[in-house]
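Biologist: Could we go through this structure together? I would like to start with the backbone and then turn to the packing.
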Amino acid sequence: GRRRDCPRKGGLQQAQHNAKKGGRPSNKSNGINKKKKNNFGSGKKKYTDDKETGSMLPLGYDPLQRILMVGEGNFSFSRALVRLFEGNGFSLLASCFDSEEILHKKYQDAKMIVDEIRSAGAFVKFGVDAKDLMGGTGLAKKKRKEGLSYEDLFDRIVFNFPHCGLGIKDQDKNVLANQQLLEGFFRSAVELLRPEGEIHVTLKSGKPYDMWNIVGSAH
């Protein structure tokens, strides 16, 4: 699923889908804007944006979590997360659809940003299809040979501003193509999600994004 950066100004509508194994959101939370307790690294300090602690981290994110970023443009989202984690990126895998060569042609600052998040310990993958995360992350081969362990899976899988980027002028066909992208992403992501993990997708509000029916795609 090729994506292009959507405008970052304007109202943003974030749908946080607590996708369980089997690809369905929890009935209790209805899959939207709910925070789940994270058991990874239990006994260690938790990072939240609690007003009492003064932490600036967004709700639901913790440097102790294993996080997969999908469909990055110039990797600025991953860089922002690493900086919020005070330079701790060892549990972050950041990925984009473009090849490394195409990425550098499209974004002049991409190399600098990628170097920064790599220096923080993050892993970077190019050419990762959001609809085939198992193959793109390199875990498909391990799954075939020995199966995946808990350590291979992710606490958070994040897709900010997904878009197939095909330049389709017909609105109905454009909406359908992006719905198929989202459906493929959710099916792929749930295979790599830990039992109490969450899938986070951020969309710009308004047409045509409201027509994509992201909640329906998650189901």
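Biologist: Which residue just after H1 takes a positive phi?
Modeller: In this predicted model, Glu-86 does, with a phi of about 60°.

Biologist: And which residues of H1 are buried?
Modeller: Within H1, residues 76–84, the buried positions are Ser-76, Ser-78, Arg-79, Leu-81 and Val-82. They pack against strand S2 (67–70), strand S3 (92–95) and helix H3 (110–119).

Biologist: Which residues are buried in H3?
Modeller: Ala-110, Ile-113, Val-114 and Ile-117 are buried there. Viewed down the axis of H3, these buried residues fall within an arc of 100°, so they line one face of the helix. Met-112 and Ser-119, on the other side of H3, are exposed.

Biologist: What covers the buried residues of H3?
Modeller: The cover includes H1, S3, helix H2 (100–106) and strand S4 (123–125).

Biologist: Turning to aromatics, how many aromatic pairs are there?
Modeller: The count comes to five. One of them joins Phe-159 and Phe-185 edge-to-face, at 5.0 Å centre to centre with 65° between the planes.

Biologist: Why does that pair tie together parts that are apart in sequence?
Modeller: Phe-159 lies in strand S5 (residues 154–160) and Phe-185 in helix H6 (residues 171–190), so the pair links parts 26 residues apart in sequence.

Biologist: Are Phe-159 and Phe-185 buried or exposed?
Modeller: Both Phe-159 and Phe-185 are buried. Ring pairs also link Phe-159, Phe-185 and Phe-186 into a cluster.

Biologist: Lastly, which ring does the charged end of Arg-194 sit over?
Modeller: That of Tyr-150, at 4.2 Å from the ring's centre. Arg-66 lies over the face of Phe-154, 4.2 Å from the ring centre.

Definitions and conventions:
Residues are numbered from 1 along each chain as its sequence is written. This is a predicted model: local features need pLDDT of at least 70, side-chain atom pairs count only at pLDDT 80 or more; totals for chains, interfaces and linings use all residues. Side-chain values use heavy atoms; hydrogens and water are left out. Buried means under 20% relative accessible area, exposed over 50%, partly exposed in between (1.4 Å probe, protein chains only). Helices (H or I, at least four residues) and strands (E, at least two) are DSSP runs, numbered from the N terminus. Contact means heavy atoms within 4.5 Å. The arc is that of the directions from the helix axis to the C-beta atoms. Rings of Phe, Tyr and Trp (its six-membered ring) pair if their centres lie within 6.5 Å; planes under 30 degrees apart count as stacked, over 60 as edge-to-face and the rest as tilted. A charge sits over a ring if NZ of Lys or CZ of Arg is within 6 Å of the ring centre and within 35 degrees of the ring normal.
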